[in-house]
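Here is a friendly note to read beside the model. Take the points in order, and find each residue in the viewer as you go.

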Amino acid sequence: MNTLQKNITKAIVGIVTFLPGIYILAQSITNPLGDSSIKSLIGKIVDFIFTLGLAISVIVLAIGAYQYLFSFGSEQKVEQAHKTLWYAVLGIIIMLVGKGLATLITNILK
C-alpha cells in the first residue's frame with residue numbers, strides 16, 4: 001500500500017469511528033435560532049463573528065508584541081511589528097463598529 005492509500009484508509013476508519021458520536025451529538029442539539037426570528041439569527045451570527053474576531057485580534061496583538069519585543073532594534077522588524085499592532089487595533093475597531101451597526105439594524109427590525 002502506498003502512502004495515499006494508507007491515508008485514505010486512516011481517514012475512513014476515523015470517520016466510521018466517530019460517526020456514532022456525531023449522530024448522538026446531533027440528536028441533542030437544539031434549534032440554534034431559538035424562536036427562528038430574523039433578529040435572533042442576525043444576533044447569533046454577529047455574536048459568533050465578533051467572538052471569533054476578538055480572539056483572532058488578541059492573538060495578532062500578542063504576535064505584534066512578540067515581534068516588537070524581539071526586534072532587537074532592527075528598523076525593519078520594528079516597522080513590521082508596528083504594522084502588525086496597527087492592523088490588530090484596526091481590526092478591533094472595525095469589529096466594534098460592525099457590532100454596533102448590527103445592533104442598530106436588529107433594533108430597527110423590532
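1. A word on terms before we start: helices here are DSSP runs of H or I with at least four residues, numbered from the N terminus. Val89 is partly exposed, because its relative accessible area of 36% falls between the 20% and 50% cut-offs.

2. Please keep in mind that this is a predicted model. The average pLDDT of the chain is 75, and 59% of the residues score at least 70. Which element has the lowest mean pLDDT, and which the highest? Helix α1, residues 3-28, has the lowest at 61, while helix α3, residues 75-108, has the highest at 83.

3. Now the overall layout. The chain holds three helices and zero strands, and along the sequence they give the pattern α-α-α. Among contacts between residues at least 6 apart in sequence, 55% join residues at least 24 apart.

4. How much of the chain counts as buried? Of its 110 residues, 12% do. The chain exposes about 8800 Å², and carbon and sulfur atoms supply 73% of that area.

5. Ser57 is found in helix α2. Its relative accessible area is 7%, so Ser57 is buried, the cut-off being under 20%. Leaving aside residues up to four places away in sequence, Ser57 touches Ala88, Gly91, Ile92 and Met95.

6. The other serine, Ser71, lies in the loop between α2 (38-69) and α3. Is Ser71 buried or exposed? Ser71 counts as buried because its relative accessibility is 5%, and the cut-off is under 20%. Again leaving aside residues up to four places away in sequence, Ser71 touches Lys77 and Val78.

7. Val89 belongs to a nonpolar surface patch of about 1000 Å².

8. Ile45 lies in helix α2. Ile45 is partly exposed, with a relative accessible area of 42%. How far is the C-alpha atom of Ile45 from that of Ala102? The two residues are 57 residues apart along the chain, and their C-alpha atoms are separated by 9.8 Å.

9. Finally, the aromatic rings. A pair of aromatic rings is described by the distance of the centres and the angle of the planes. The count here comes to two aromatic pairs. In one of them, Tyr66 and Phe70 are 4.8 Å apart centre to centre with 50 degrees between the planes, and this pair is tilted. Phe70 also pairs with Phe72: the ring centres are 6.0 Å apart and the planes stand at 65 degrees, so this pair is edge-to-face. The cut-off for edge-to-face is over 60 degrees.

10. Tyr66, Phe70 and Phe72 form one aromatic cluster. Which of these residues are exposed, and which partly exposed? Tyr66 is exposed, with a relative accessible area of 54%, and Phe72 is exposed too, at 70%. Phe70 is partly exposed, at 38%.

Terms used:
Residues are numbered from 1 along each chain as its sequence is written. This is a predicted model: local features need pLDDT of at least 70, side-chain atom pairs count only at pLDDT 80 or more; totals for chains, interfaces and linings use all residues. Side-chain values use heavy atoms; hydrogens and water are left out. pLDDT is the predictor's confidence in each residue, from 0 to 100. Helices (H or I, at least four residues) and strands (E, at least two) are DSSP runs, numbered from the N terminus. Buried means under 20% relative accessible area, exposed over 50%, partly exposed in between (1.4 Å probe, protein chains only). Contact means heavy atoms within 4.5 Å. Patches are made of residues with over 30% relative accessible area and no salt bridge: like charges are joined within 9 Å, nonpolar side chains (Val, Leu, Ile, Met, Phe, Trp, Tyr) within 5 Å. Accessible areas come from the Shrake-Rupley method with a 1.4 Å probe; for residues, only the protein chains shown count as cover. A salt bridge is a side-chain nitrogen of Lys or Arg within 4 Å of a carboxyl oxygen of Asp or Glu. Rings of Phe, Tyr and Trp (its six-membered ring) pair if their centres lie within 6.5 Å; planes under 30 degrees apart count as stacked, over 60 as edge-to-face and the rest as tilted.
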